[in-house]
Amino acid sequence: MLPHKYVLGVILLLFPLFLPAQSLSTKDEDAIQAVFAMQQDAWNRGDIDAFMEGYWKSEELVFVGSGGPKYGWQTTLERYKKSYPDRATMGQLTFEQLKIVKLGPKSAYVLGKWHLKREMGDAGGYYSLIWRKIKGKWVIVSDHTS
């Protein structure tokens, strides 16, 4: 049987799929797209610390990858730095948003693809993100990347 927090995490990640699609305002969608652009630029210059500015600085941030859920902004930062210790491993990142759904006035769900172009071999996959507008700034509060 799965632990309680894993079940809750799965429910939170799947919940947006059952909601009727709503559009974000152009201003909010542009703000989210700007965070993606900032993250892509930061990654491509090898600056993981700047890349992490797109995430909620909270112990409640959840990142789900192949190793299961990890909680906290600092834990997520350390995971990125361990998984991508140098520029060769980081490669050149591109994002593609497949779907952006408004969940409420200050929350959104984004489904997309990521790709790393690297000499050691390309990598890529999909992500599903839950965003919240906190103190006027859109940030990722839940990230499931495969």
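Asp-143 is buried yet has no salt bridge, and the nearest side chain of opposite charge, Arg-79, is 7.6 Å away. Here, buried means under 20% relative accessible area, exposed means over 50%, and partly exposed lies in between, using a 1.4 Å probe and protein chains only. A salt bridge is a side-chain nitrogen of Lys or Arg within 4 Å of a carboxyl oxygen of Asp or Glu. For charge, Lys and Arg count as positive and Asp and Glu as negative, while His and the chain ends are not counted.

This is a predicted model, where local features need pLDDT of at least 70, side-chain atom pairs count only at pLDDT 80 or more, and totals for chains, interfaces and linings use all residues. Residues are numbered from 1 along each chain as its sequence is written, and side-chain values use heavy atoms, leaving out hydrogens and water.

You can find Asp-143 in strand S6 (residues 137-145). Leaving aside residues up to four places away in sequence, Asp-143 touches Tyr-55, Val-62, Phe-63, Val-64, Tyr-80, Ser-128 and Leu-129. Contact means heavy atoms within 4.5 Å.

## Strands side by side

Helices (H or I, at least four residues) and strands (E, at least two) are DSSP runs, numbered from the N terminus. Two strands pair if DSSP finds at least two bridges between them. Strand S3 (residues 92-104) pairs with strand S4 (residues 107-117) in the antiparallel sense over 11 bridges. Look for Glu-96, whose bridge partner in S4 is Lys-113. Two residues sit between S3 and S4 in their hairpin.

S4 is also joined by 10 bridges to strand S5 (residues 123-134), and these two run antiparallel. Ser-128 in S5 stands opposite Leu-111, and Ser-128 is also one of the residues that Asp-143 touches.

## Where charges meet

How many salt bridges does the count come to? The count comes to five. One of them joins the side chains of Asp-28 and Lys-133, at 3.2 Å from N to O. This pair links distant parts of the chain, with Asp-28 in helix H2 (residues 26-44) and Lys-133 in strand S5, 105 residues apart. Asp-28 counts as buried at 12% relative accessibility, whereas Lys-133 counts as partly exposed at 25%.

Another salt bridge brings together Glu-53 and Lys-57, at 3.6 Å from N to O. Glu-53 is partly exposed, with a relative accessible area of 32%, and Lys-57 counts as exposed at 56%.
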